[in-house]
Amino acid sequence: MNSMTVTPTEPVASRQIIIGVDTHKYAHVAVAIDHLGARLAAQHVAANREGYAQLEAWAAALAGNGRVIAYGVEGTGSYGVGLASFLRRTGHRVIEVNRGDRRSRRNNGKSDTLDAEAAARAVLGGQAKAVPKSADGTAEMIRQIKIARDTARKAKTSAIITLKALIVTAPADLREHLAGTSDKVLIDRCASLRPGAVNSTTASAKHALRTLAKRYQALEAEIREHDTILDDLTRSHAPTLREGLGIGADTAAEVLIVFGDNPERVHSEAAFAKLCGTSPVPASSGMTNRHRLSRAGHREANAALYRAVIVRMRFHEPTIKYVARRTAEGLSQRDIIRCLKRYLAREVYQAVMTDHRARQALPTSASQQTLDL
């Protein structure tokens with residue numbers, strides 16, 4: 001990989017520098033600035049372990065007798081995950097940097113070097129403060145299994161929708177044979193069809209319907225396998241969280257994905273509520289004093305909290321009484337659910353941090369054994 005370096009104009013002395021990195025699939029671009037904001041140098045490295053080591057050595061050489069304050073890395077959840085993990089293991093402070101705003105890009109232009117410099121300046125100016133997920137433990141395992149499960153569920157839904165649409169245009173005798181049945185009976189009947197030689201529209205329809213039905217059954221079995229794994233992982237990793245009413249494997253998985261394997265990076269329950277989009281947003285004006293729903297934050301986690309709240313509104317006596325009291329006060333159901341999601345976010349945060357502290361208190365061998373489960 002060819003590298004490009006801009007030699008710093010100032011002599012190397014004791015200095016504090018910040019490295020901004022624009023990450024890509026095959027190469028990363030880094031720019032170094034000092035604590036006063038002066039740009040020092042730029043570097044291109046390969047997106048592999050050798051490139052990561054080269055980047056670290058280059059930054060250390062620029063720092064001289066000083067030190068590297070932090071690395072601001074874009075895409076720590078995608079192309080930058082390998083670099084962020086490498087830098088964290090070598091003892092560096094890594095800051096997650098979001099992509100620059102469009103106004104700045106229109107004014108200053110767009111290039112990998114400019115993006116890397118913008119990342120470094122975001123760290124220097126304090127706009128970027130987030131600690132990236134470590135992605136090296138059970139929460140990362142849960143995220144990967146959850147992705148496989150969700151895509152299988154979408155494919156399963158698509159399969160049965162396609163199957164039903166195909167029945168509408170199937171030959172009359174086949175359509176009448178399959179009409180008026182439940183989904184389970186319909187899938188079983190379609191899976192048992194025997195098309196024989198595909199030499200007529202009836203045979204081709206049977207072949208297509210049987211293929212879709214078998215695909216549905218295979219995806220259903222796959223989803224059950226994923227659900228079993230997620231249930232085991234969430235129960236072993238967050239037993240206190242799973243004890244909460246309405247918090248099953250799916251809801252717990254979404255919550256743990258938001259926290260990651262280093263939940264201490266979410267510094268308070270208010271921060272977690274904002275991260276999930278459950279923080280109240282002021283919507284007051286004149287004599288009106290109210291809050292509205294937030295459309296920001298992690299939408300999957302927000303939906304998971306919503307499902308748990310709906311369960312509690314039906315089966316949790318304190319929640320039922322709360323809903324009755326707030327309804328008598330004139331709150332709409334939407335506002336009541338918003339309040340309940342905020343309360344649940346506080347409860348979830350406390351449960352996750354309780355489990356995290358319990359894991360930290362375990363000896364190293366016991367903690368590793370828990371992870372291996």
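Start by selecting residues 317-328, helix α13, and residues 333-361, helix α14. Bear in mind that this is a predicted model. The two helices pack at an angle of about 140°, and their axes are 10 Å apart. Is that antiparallel or oblique? Angles over 145 degrees would count as roughly antiparallel, so α13 is oblique to α14. Look at the handedness too: α13 passes α14 in a right-handed crossing.

Now show the side chains where they touch. On α13, pick T319, Y322, V323, R326 and T327; on α14, pick I336, C339, L340 and Y343. Colour this contact by residue type and you'll get six nonpolar residues, two polar and one charged.

Keep Y322 and Y343 on screen, since these two form an aromatic pair. How do their rings sit, and how far apart are the centres? The arrangement is edge-to-face, with 85° between the planes and 5.7 Å from centre to centre. Y322 belongs to helix α13 and Y343 to helix α14, so the pair links parts of the chain 21 residues apart. Check the surface as well: Y322 is buried at 11% relative accessibility, whereas Y343 is partly exposed at 43%.

How many aromatic pairs does the count give? It comes to four. For another one, select Y52 and F86. Their ring centres are 5.8 Å apart and the planes meet at 45°, so this pair is tilted. Y52 lies in helix α1 (residues 49-63) and F86 in helix α2 (residues 81-89), so the pair ties together parts that are 34 residues apart in sequence. Buried or exposed? Y52 is buried, with a relative accessible area of 9%, and F86 counts as buried at 13%.

Next, select F259, F272 and Y349 together. Ring pairs link these three into a cluster.

Last stop: the loop between α4 (112-125) and α5 (138-168), where you'll find A135. A135 has a phi near 55°, a positive value, and A135 is not a glycine.

Conventions
Residues numbered from 1 in each chain as written. Predicted model: local features only at pLDDT ≥ 70, side-chain atom pairs only at ≥ 80, totals over all residues. Heavy atoms only, no water. Axes fitted to C-alpha atoms, helices over the stretch in contact; angles between N-to-C directions. Helix = DSSP H or I, 4+ residues; strand = E, 2+ residues; numbered from the N terminus. Parallel < 35°, antiparallel > 145°, perpendicular 65-115°, else oblique. Left-handed = near helix turned anticlockwise from the far one by under 90°. Contact = heavy atoms within 4.5 Å. Nonpolar A, V, L, I, M, F, W, Y, C, P; charged D, E, K, R; others polar. Phe/Tyr/Trp six-rings, centres within 6.5 Å; stacked < 30°, edge-to-face > 60°. Buried < 20%, exposed > 50% of the residue type's maximum accessible area, 1.4 Å probe, protein only.
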